[in-house]
Amino acid sequence: MGERTRRDVLRMAAAGAAASTGVLGGTAPALAGRKTAARTAGRRVAVLGGGVAGLSAAHELAERGFDVTVYERKALGGKARSVPVPGSGRAGRPELPGEHGFRFFPGFYFDLTDTMRRTPYPGNEQGCWGNLTRATSYLMSRRGRPDLTAPFPFPLPPDPPIYTPGTLVNTITSGVQTLLRLPLHEAAFFAQKVLVYFTSCDERRLGQWENLTWADFIRSDRFSAEYDRLLADGQIRNLAATKSKDASTHSIALVGEATAWSILGIGNEPGGSVDRVLSGSTGEMWLDPWIAHLGRQGVRFQVGWTVDGLTVGGGGITGATARDGRGAAQRIEADWYVAALPCERAARLMTPAVLEADPALAGIARLRQDWMNGLMFYLREEVPLTPGHVNFVDSGWAITSISQAQFWARDLRSYGDGAVADCLSTIISDWFTPGDFNRKRARDCTPAEIAEEAWEQIKAHLNDGGRTVLTDAMLHSWFLDPAITGPGTPGVANDEPLFIQNPGSWKDRPESRTAIPNLFLAGDWVRTPINVTTMEGACQGGRQAVNALLDAAGSTAGRCPVHRLHRSPLFEAAKRDDRLRYRLGLPNAFDVLDTRWP
């Protein structure tokens, strides 16, 4: 179901005329000069997991002369990969491109985009980074009410236009309606809570707000349904795959703060804008070139290998056990081990022997996950709802989407049977709330029921106010993320859930450096500066693991930079005052409307 096969890896790695059969096993191709000389005893690294974290670690290690093998059970790229629709190609065309879920690259990403710049892409001086394109608006679609289109970044780009006369009228109307429905005292209360977080010191953020849910922090249970819809669940569950009653205030507010600065053009990487997407499928524009580049650097890939154990002895990891694609038992031996598995799979490796060597790793088993998976709607005509992301705020299943054709350099008609002009790439973020029409939870539905209900929820948001934006005749086909296994049966499961930051989870999240001298952890679930589940967090986790490995190896190679989010000097004086107040057991100085004590 769209996974990268042995032949695929060989083909991509051979693209640079450097890696052949050695990419998947055997000996690494000979590398001339500095890299060959650097490959000495004690430099073998086993990277367990081939998602963004694992590939990021492999990239940095290979550049520093280490001998790297990546072991991946399913598909290189992990949740970031493209998932082609099986059997959809006709007349020599490739299969329709699908995704585990659409993704975007905020302007405050630095580490992931740095890696993209260092990944060659034909015709791009700045590598795969050059395949990013700006999204210039955000559409908040309401059911039975006018939609609001928010432009960004400022100043408004001249092309493509953000507003038509109709969308401008709808935006103004929606804004006025929101102001009328959201009482002034509720808006003021929320603004005050935002100020409280912005002026909170790091100690309070991690010691107080980390342990409080977002819903509790903003007191969503005390105010109107409009308040809850707009400022609690309506936004949080759609954009962070969690509910306001589950999400840590620190995690939600930290990214909210970074996004607010980014919209204003502050804290973005050079050339960055608040919202960017790729100009084609993730595989073609980024992951395939990245994997090929790593192959040319000598990285080997063992795809189809499931790592199921770590052997401890002599004060370190002496090996790892795995099953290959045929189910045969295999032993992995290396000098250093980087566990870049998803947290729910890393937890399975935390045996009593491992935990005896490092008791702090016991918290990994307490980390939580939720479902956030993609559903592609392939359309017979282009339907650019807005040049950016769409949030269907009132959808029971917390649906978001993006119309891809407007951003892609390649015509979608060159895929499949040639009849698909656009892809409405959607994400379902709530699989446990009844649907608006069939009244069933998404997790209880068959694939056809999921597609039908999601389509009806989207149409109900767009086809209101006397207009018709989507019709059934436009729908060519659909494709559900195959990570949902056994849909419509009692055994339904999600093979690739998303790590979520519930209150107090920071204390259970490990550092990339462990107490086991040759074991390091990488992923968006380790402690990273960006904190939340993102591709940037996965990249940071990979870089942190490499830095810890370099320290342990006594390497003189340069360390990987790990970016910290922008800190505005505007609030530094208030944060210094708040640090003292927190140590004295006092609330934040601005927390006066509903004082929360530490």
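The legends below describe close-up views of a predicted model.

Local features are given where pLDDT is at least 70 and side-chain atom pairs where pLDDT is 80 or more, while totals for chains, interfaces and linings use all residues. Residues are numbered from 1 along each chain as its sequence is written, and side-chain values use heavy atoms, with hydrogens and water left out.

Ser-141 belongs to strand β4, residues 137-141; strands are DSSP runs of E with at least two residues, helices are runs of H or I with at least four, and both are numbered from the N terminus. Ser-141 counts as buried because its relative accessibility is 0%. Buried means under 20% relative accessible area, exposed means over 50%, and partly exposed lies in between, with a 1.4 Å probe and protein chains only. Contact means heavy atoms within 4.5 Å. Leaving aside residues up to four places away in sequence, Ser-141 touches Asp-147, Val-390, Asn-391, Phe-392, Val-393, Asp-394, His-461 and Leu-462. For His-461, the side chain of Ser-141 reaches the backbone oxygen at 3.5 Å.

**View B. Strand β16 and its two partners.**
Strand β16 covers residues 422-428, and seven of the seven are buried, so the strand is largely enclosed by the rest of the structure. One face carries Asp-422, Leu-424, Thr-426 and Ile-428, the other Cys-423, Ser-425 and Ile-427, and both faces are covered. Two strands pair if DSSP finds at least two bridges between them. Strand β13 (residues 373-379) runs antiparallel to β16 and is joined to it by seven bridges; here Tyr-378 stands opposite Cys-423. Strand β15 (residues 399-403) also pairs with β16 in the antiparallel sense, over five bridges, and Ser-403 stands opposite Leu-424.

**View C. The open sheet β7-β2-β1-β11-β21.**
Five strands form this open sheet in the order given, with parallel pairing. At the edges are β7 (300-303) and β21 (519-521), each of which pairs on one side only. From one strand to the next, the twist averages 20°. Strand β11 (residues 336-339) is joined to β21 by three bridges, the two running parallel. In this pair, Val-338 stands opposite Phe-520 of β21.

**View D. Helix α3 across the sheet strands.**
Helix α3, residues 52-63, lies across β1 (44-48), β2 (67-72), β7 and β11. The helix runs at about 170° to β2. Axes are lines fitted to C-alpha atoms, for helices over the stretch in contact, and angles between N-to-C directions run from 0 to 180 degrees.

Definitions and conventions: Polar contact = N/O pair within 3.5 Å; in protein donor to acceptor, adjacent residues only side chain to side chain.
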